[in-house]
Amino acid sequence: MNIIIVGAGNVGSTIAGVLSSAHNVLMIESDSRKSEIAKSSMNVSVLQENGVNPRVIEEAIARHSADVLIAATPNDENNLFACIVAKDSKKEIRTIAKIRNPDFMRAKENDTYFGADQIMSPELASAKKLAKLAMLENAVDYDDIEGLGLAAAIFSVTEIHKKMVKQAVMGIDVPDDCAIVAVYRDNDVILYKETTEIHIGDLLCVLGTPNAILEFNKMMGYIREAKEIIIVGGGIIGTNVAKILEAGKKYLKLIEQDPERCKRLAREMDNVLIVNANGVDPNLLKSENAGRADVTICATESDEKNLLASLVARDLGALKVVSRYSKREYEDVFSVTGIKSIVGYHRLIANEMTKTLISDEKAIMKMSHEMETLFSVAVNRNSRVKGSLLGDLQFPEGSRAVCVIRNGTPIFPRLDTRLEENDVVLLYTYETKMNKIEKMFGIRMTDV
């Protein structure tokens, strides 16, 4: 597939890094420094031009025989305009626009949007994920798997989870409709093994229906339900987090430094206390009782401020701290400081692109580690596994079947589950040789 990406900033570069392994990517960027970085760091072609110029877009589409155009500049208007020009130049081209402001997301009846076939909003995706992590006391990561009615979550095992520590995985009575698919210990990935003993500090990767994930969270036990929540930052992300959580009738306090923005937020949300103050000031957070909060969510537009607010809230005694970051290098910074519940742009973008463009098969999502993926394979009439019992199949090393979608319903299989025609098998893989998956199922995959 031939793909054009307009914009080589943080978002555009992340998209290019994901897609360039499987597709032919051309990036258009006017900034010389960003262009040179893209050329030297990725397997892409780079055109140093104004990517919103209609002439540039039309010529690039013609020369590149483009199938997809992704507009990822910092400006919403420019992104929509680039998609409109692309569609006018080539009717059948697929257009994707990165949009920050929800006001620019105007859905149409045919599941497309005004100006683009598809909208990608890291801000709104971040807000949804931050809100979900706030409500799952034991979770440090969470992703909805849209279209399949499933979700993947990572739960942290701490000192309070005494009934789970020192147990073997097979001894954990997990709720129906979910399964533990892997255990993360330090930097290692331990694929689900029934005899693996759970230790304090382990992270459990769980796949299940959203309700089953909630039940797993309750099963682990927690000090108290998250009812009192402080949100630092009233920008697009912080505001949408508050609106999502407001529906749950929690006690919400949003701290924002801009007085005009505070006035607007106070008019928009009746059940959120708006505080006009500097949310990274330790004295302010202390006076606003951040130490007694069940959850503190750091959602300013500055990675540095989010890091500082996270550390202050944690040291004051907040039971859980959740933060966002936009620069990839801050993932390691947060990890070093011990802040585990973090939401990063690049992971959200990578998963969105994985789900929509990465493979001829349906890649579902990239997981926490490199070479760790969840994807689906359909069982057709000629499939080599049709009619087989799962217990009789020898899956390649590093892979396992974690769920079967049958007639739209997820089934968490047992050894005596028999694969039927039209089943969709969800495979978890880690460092797996894909040619062995191809041979096993009798399929052809370009990349997962």
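**Salt bridges**

K87 and D117 join their side chains in a salt bridge, 2.7 Å from N to O. The term salt bridge means a side-chain nitrogen of Lys or Arg within 4 Å of a carboxyl oxygen of Asp or Glu. This pair links distant parts of the chain, 30 residues apart. K87 sits in helix α4 (residues 76-89). D117 sits in the loop between β5 (94-98) and β6 (118-120). Helices (H or I, at least four residues) and strands (E, at least two) are DSSP runs, numbered from the N terminus.

The model is predicted: local features need pLDDT of at least 70, side-chain atom pairs count only at pLDDT 80 or more, and totals for chains, interfaces and linings use all residues. Residues are numbered from 1 along each chain as its sequence is written, and side-chain values use heavy atoms, with hydrogens and water left out.

K87 is partly exposed because its relative accessibility is 29%. D117, at 22%, is also partly exposed. Buried means under 20% relative accessible area, exposed over 50%, partly exposed in between (1.4 Å probe, protein chains only).

A salt bridge also joins E288 and K253, 2.9 Å from N to O. E288 lies in the loop between α9 (282-287) and β15 (295-298), K253 in strand β13 (residues 251-256), 35 residues apart. E288 is buried at 17%. K253 is buried at 7%.

K386 pairs with E421, with the closest N and O atoms 3.9 Å apart. K386 is partly exposed at 37%, and E421 is partly exposed at 35%. Salt bridges with shared partners join R100, E123 and E301 into one network. The structure holds 20 salt bridges.
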